[in-house]
Amino acid sequence: MNYLNEVEQKVAESLLQIKAIKLQPKSPFTWASGWKSPIYCDNRVTLSHPAIRTYIRQKLSQLIQEEFGSIDMISGVATAGIPQGVLVAQDLGLPFSYVRSSAKDHGRQNLIEGEVVSGQRVVVIEDLVSTGKSSLVAVKALREAGCNVVGLVSIFTYGFEEARKNFEEAKCALHSLCNYDALIRVAASNSYILESDIEFLEKWRQDPANWNPEN
């Protein structure tokens, strides 16, 4: 069994404590995609808890410095990645931009908001990575604007194989403070779920699109 580092442990405990992440193995949620899921994640809840918000900001900033060294700009993915990105950009004293899910239909019809300079080394911030598709749309937009996107960091990732392949194909490094495996272990050790739920929860992650809670 892999060792949980301090950050994974702390973030998992915090997200469970404030119910930013909810686990309901016996009463699954339905995502917008139509997938049935035993987990629901809304990391925007962290913004309402100053101590947790500060910890996440500090650890995202530290992660960026350790993995990417000197960068020129932080960019957030609309909408949940925007406040996290602003906090980190402020922490690191860097310019900030964000990428819309689609271009505005009026004015300058911007897809990217904020000043972007060709050649800038950019790290993208996202609150949550599932398949990675929406995150990589933002990466592509920044690259098309001339930015050198060196990677993406997030608070949490489900660790889907599809996401790993998508980021690999896009040649974009992905790093997260916490992940699904760590969350399940912390949830079990803190009695948020039963030990008997673990195998059930692991099966969902292996094939979420076809997961059947009845099996």
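Colleague: At what angle do helix α4 and helix α5 pack?

Modeller: Axes are lines fitted to C-alpha atoms, for helices over the stretch in contact, and angles run from 0 to 180 degrees between N-to-C directions. Helices (H or I, at least four residues) and strands (E, at least two) are DSSP runs, numbered from the N terminus. Here α4 (residues 133-144) and α5 (residues 161-169) pack at about 10°, with axes 10 Å apart. Angles under 35 degrees count as roughly parallel, over 145 as roughly antiparallel, 65 to 115 as roughly perpendicular and the rest as oblique. So α4 and α5 are roughly parallel.

Colleague: Which residues make the contact?

Modeller: Contact means heavy atoms within 4.5 Å. From α4 come Lys133, Ser135 and Leu136; from α5 come Glu162, Asn166 and Phe167. Ala, Val, Leu, Ile, Met, Phe, Trp, Tyr, Cys and Pro count as nonpolar, Asp, Glu, Lys and Arg as charged, and the others, Gly among them, as polar. The α4 contact with α5 has 2 nonpolar, 2 polar and 2 charged residues.

Colleague: What sort of model is this, and how are residues numbered?

Modeller: It is a predicted model: local features need pLDDT of at least 70, side-chain atom pairs count only at pLDDT 80 or more, and totals for chains, interfaces and linings use all residues. Residues are numbered from 1 along each chain as its sequence is written, and side-chain values use heavy atoms, leaving out hydrogens and water.

Colleague: Why is helix α6 described as largely enclosed?

Modeller: Buried means under 20% relative accessible area, exposed over 50%, partly exposed in between (1.4 Å probe, protein chains only). In α6 (residues 180-189), 7 of the 10 residues are buried, so the rest of the structure largely encloses this helix. They are Tyr180, Ala182, Leu183, Ile184, Val186, Ala187 and Ala188. Their cover includes α1 (6-17), β9 (148-157) and α7 (198-206).

Colleague: How do the axes of α6 and α7 cross?

Modeller: They come within 11 Å and cross at roughly 165°. The two helices are therefore roughly antiparallel. Tyr180, Asp181, Ile184 and Ala188 in α6 meet Ile198, Leu201, Trp204 and Arg205 in α7. That contact divides into 6 nonpolar, no polar and 2 charged residues.

Colleague: Where is Ser75 found?

Modeller: Ser75 sits in strand β5 (residues 73-77). Its relative accessible area is 0%, so Ser75 is buried. Beyond four places away in sequence, Ser75 touches residues including Phe96, Tyr98, Val123 and Leu142.
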